[in-house]
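Hi everyone, thanks for making the time.

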Amino acid sequence: MAWTASGLYASALGSVLPQTSAINWNLGSNKFFLTSTSDTPLYSSTLTAGVYAVTNECTGTGWAAGGVAVSALAAGPASISPNFTVTTGPPVILNWNASNVSVATTTIATATFGGYFYTLGFGGAKIIGIWFGGSGYTTSAGTFAITWSGGQICTFSLGG
Amino acid sequence: MAEVDLDKLRSIGYLSRGRTMSRTRSGREHPESGKPYKVTRDECGNDVTEHGAAGSGLSDRQDVTIHAETLHFGLDQQAGG
């Protein structure tokens, strides 16, 4: 089964709530890697499953296996500087923001359909999957870019 | 009773390329000396930009820009809770 939708990994929140271990969503050492349509997201993954895997990864010149570090995802290269802000509402909204992705001089020949933010901790736990849609995307000595609508990767409605 | 042109009726609302086909625009980075480029925006709103050397086609470089929509997750109380 291919993947067809964006989603949040249960481990990304499940690691925080017990306060025994926590994925830091904003670390510069976190990475973003690309996959083909053959990948199957498992958003129910716990910290010990569904980790980063190379099986369906899309790589190439300028986009190494394992993905590009958050600290180098913006033009320059520079960090996309992910951060959380709160909109007081009501409803109260928790926003995960970042600068746009722009990685220059890439050649990614295998059609990519989506990508994942993941942490190197916990054996490589995934945080969130971003589904691009379409019929797959390739670059040739060019820039791979993602623009976030309103500078937001995702938001959480907290009620109120 | 006036005659009805069936061919005209059939053409009403007809979109030759559909509502979700890719849209393309092209140009030059500089009107006279710049490299030509062609941007194709697909049905998902993402852009593929092909660049070429002046006068030699559009195969030298290809950029991709994903226009990601914000993902919205709900952690708020549901009705009846």
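Ground rules, then. This is a predicted model, so local features need pLDDT of at least 70 and side-chain atom pairs count only at pLDDT 80 or more, while totals for chains, interfaces and linings use all residues. Residues are numbered from 1 along each chain as its sequence is written, and chains are lettered from A and ligands numbered from 1 in the order in which they are written.

Let's begin with chain A. It has one helix and eleven strands; helices (H or I, at least four residues) and strands (E, at least two) are DSSP runs, numbered from the N terminus. Going along the sequence, the pattern of chain A is β-α-β-β-β-β-β-β-β-β-β-β. Of its 160 residues, 36% count as buried. For burial, we count other C-beta atoms within 10 Å of a residue's own, with C-beta atoms placed from the backbone: 20 or more is buried, 12 or fewer is exposed, and in between is partly exposed.

How much of the contact set in chain A comes from residues 24 or more positions apart? Among contacts with a separation of 6 or more, such pairs account for 76%. A contact here means that the two C-beta atoms, placed from the backbone, lie within 7 Å.

Now chain B. This one has one helix and five strands, in the order α-β-β-β-β-β along the sequence. Of the 81 residues of chain B, 15% count as buried. Taking contacts with a separation of 6 or more in chain B, residues 24 or more positions apart account for 0%.

On to the sheet. Four strands form an open sheet in the order β5(A)-β6(A)-β11(A)-β5(B), and the pairing is mixed. Two strands pair if DSSP finds at least two bridges between them. Which strands stand at the edges? They are β5 (83–87) of chain A and β5 (71–74) of chain B; each has a single partner strand, so one side of each is left without a neighbour in the sheet. Neighbouring strands in this sheet are turned by 20° against each other on average, direction ignored. For that angle, axes are lines fitted to C-alpha atoms, for helices over the stretch in contact, and angles run from 0 to 180 degrees between N-to-C directions.

Inside the sheet, β6 (residues 92–97) and β11 (residues 152–159) of chain A run antiparallel and are joined by six bridges. One place to look is A:N95, which stands opposite A:T155 in β11(A). Step across to the other chain, and β11(A) runs parallel to β5(B), with four bridges joining them. There, A:C154 stands opposite B:L71, and A:F156 stands opposite B:F73.

That takes us to the contact between the chains. It takes 22 residues from chain B and 29 residues from chain A. On the side of chain B that touches chain A, the elements giving two or more residues are β4 (61–68) and β5 of chain B. The largest share of that side, eight residues, comes from β4(B). By class, the chain B side has eight nonpolar, eight polar and six charged residues. In that scheme, Ala, Val, Leu, Ile, Met, Phe, Trp, Tyr, Cys and Pro are nonpolar, Asp, Glu, Lys and Arg are charged, and the others, Gly among them, are polar.

Is A:S149 buried or exposed? It counts as exposed, because it has 12 C-beta neighbours inside 10 Å. Leaving out residues up to four places away in sequence, A:S149 touches B:A68, B:E69 and B:T70. Its C-alpha atom is separated by 9.3 Å from that of A:N100, 49 residues apart along the chain.

Last, some backbone details. The peptide bond from A:G76 to A:P77 is cis, with omega near 5°, and A:P77 lies in the loop between β4 (68–69) and β5 of chain A. A:S81 is also placed in the loop between β4 and β5 of chain A. A:S81 has a positive phi of about 50° although it is not a glycine, and its 14 C-beta neighbours inside 10 Å make it partly exposed. A:A141, found in strand β10 of chain A, has a positive phi near 50° and is not a glycine either. With 15 C-beta neighbours inside 10 Å, A:A141 counts as partly exposed.
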